[in-house]
Amino acid sequence: MSWELLLWLLVLCVLLALVVQLLRFLRADGDLTLLWAEWQGRRPEWELTDMVVWVTGASSGIGEELACQLSKLGVSLVLSARRVQELERVKTRCLENGNLKEKDILVLPLDLTDRSSHEAATKVVLQEFGKGFFNCLRAELATYPGIVISNICPGPVQSNIVKNSLFEDVQKTIGVDTAQSHKMATSRCVRLMLISMANDLKEVWISDHPFLLITYFWQYMPTWALWLTNKLGKRRIENFKNGLDADISYFKTWKTKHD
């Protein structure tokens, strides 16, 4: 076999690999490291059992779905948010659909904006489930190699974020359900979050296109991303103020949603 033929075969293999990666990217709903971990990495069902997880914002949206999926893995839960009634509803859902008993779930009402309440809430959790460690700064983790912080960056996800958003009057919410078929299913977002936790990934991006593509723009072409954001930003804000989904008027579904 001649060197010229080998060179052509090498070029063909490279082009084929690029095409495959392009097709993967067009179908992606997370960064490529995360999707590789989903394919070849450790399973949440193996890594996250017998843990205690404190879920803040557990009364709806991503927090609620995270609590429910963790309950199916046998993970003990602390559920925190401001709305006690909604927390009790989530607890009931976890008990009915998960692998937990009453003693495995602690409902702990908490307003994260009230920083003076954090220490007391932490003591309650430690008293309920035993000693633990809380650390929020990555720079401090060199002394504690067993602790991993995952920075999870989700894009638009099906939730009540618009419905629960506030007007100028902070006592009044929009209270309108908006169409969300173009957004990622909350269950899919949480599944990818669990995979990132199981594989100790430091930062992950979770989103459907075109939002994922825009994230890559910000990473590699920030000037273009800023121009695009300025073009779209005004309409997004106006939509939000009018009780509409910020992106529904000009973003279409690029692919079939995951369940």
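User: Leaving out residues up to four places away in sequence, what does V125 touch?
Analyst: Not counting residues up to four places away, V125 touches W54, V78, L106, L108 and G130; please keep in mind that this is a predicted model.

User: And where does V125 lie?
Analyst: V125 lies in helix 6, which covers residues 118-129.

User: Is V125 buried or exposed, and why?
Analyst: V125 counts as buried because its relative accessibility is 6%, and the cut-off for buried is under 20%.

User: You listed V78 among the contacts. How many residues apart are V125 and V78 along the chain, and what separates their C-alpha atoms?
Analyst: They are 47 residues apart along the chain, and their C-alpha atoms are separated by 7.4 Å.

User: Let's step back to the whole chain: how many helices and strands are there?
Analyst: The chain has 9 helices and 5 strands, and read along the sequence they follow the pattern α-α-α-β-α-β-α-β-α-β-α-β-α-α. Of the 259 residues in the chain, 37% are buried, and among the contacts between residues at least 6 apart in sequence, 66% join residues at least 24 apart.

User: Which residues touch the most other members in the largest nonpolar core?
Analyst: Those are L70, L77, L79 and I206, in a core of 38 residues. The largest share of this core, 6 residues, comes from helix 7, residues 186-198. There is also a second, separate core of 6 residues, which includes V78, L108, L110 and A121; V78 and L108 are also among the residues that V125 touches.

User: What is L79 in contact with, leaving aside neighbours within four places in sequence?
Analyst: L79 is in contact with V55, A58, A67, L87, V90, K91, I105, L106, V107 and L108. As background, nonpolar side chains in soluble globular proteins tend to be buried together.

User: Changing topic to helix 8, which residues are buried there?
Analyst: In helix 8, residues 211-220, F211, L212, I214 and Y216 are buried, and the buried residues of this helix pack against helix 1 (3-26), helix 2 (32-40), strand 5 (203-206) and helix 9 (222-241).

User: Now the backbone: which peptide bond is cis?
Analyst: The peptide bond from H209 to P210 is cis, with omega near 10 degrees, and P210 lies in the loop between strand 5 and helix 8.

User: What is the phi of D50, and where is its place?
Analyst: Phi of D50 is near 65 degrees, which is a positive value in a residue other than glycine, and D50 has its place in the loop between helix 3 (44-47) and strand 1 (52-56). D50 counts as exposed, at 74% relative accessibility. For context, most residues other than glycine have a negative phi, and most peptide bonds are trans.

User: And what is the phi of D200?
Analyst: D200 has a positive phi of about 55 degrees although it is not a glycine. D200 is placed in the loop between helix 7 and strand 5, and with a relative accessible area of 36% D200 is partly exposed.

Definitions and conventions: Residues numbered from 1 in each chain as written. Predicted model: local features only at pLDDT ≥ 70, side-chain atom pairs only at ≥ 80, totals over all residues. Heavy atoms only, no water. Helix = DSSP H or I, 4+ residues; strand = E, 2+ residues; numbered from the N terminus. Buried < 20%, exposed > 50% of the residue type's maximum accessible area, 1.4 Å probe, protein only. Contact = heavy atoms within 4.5 Å. Core = buried A, V, L, I, M, F, W, Y, C linked by side-chain atoms within 4.5 Å.
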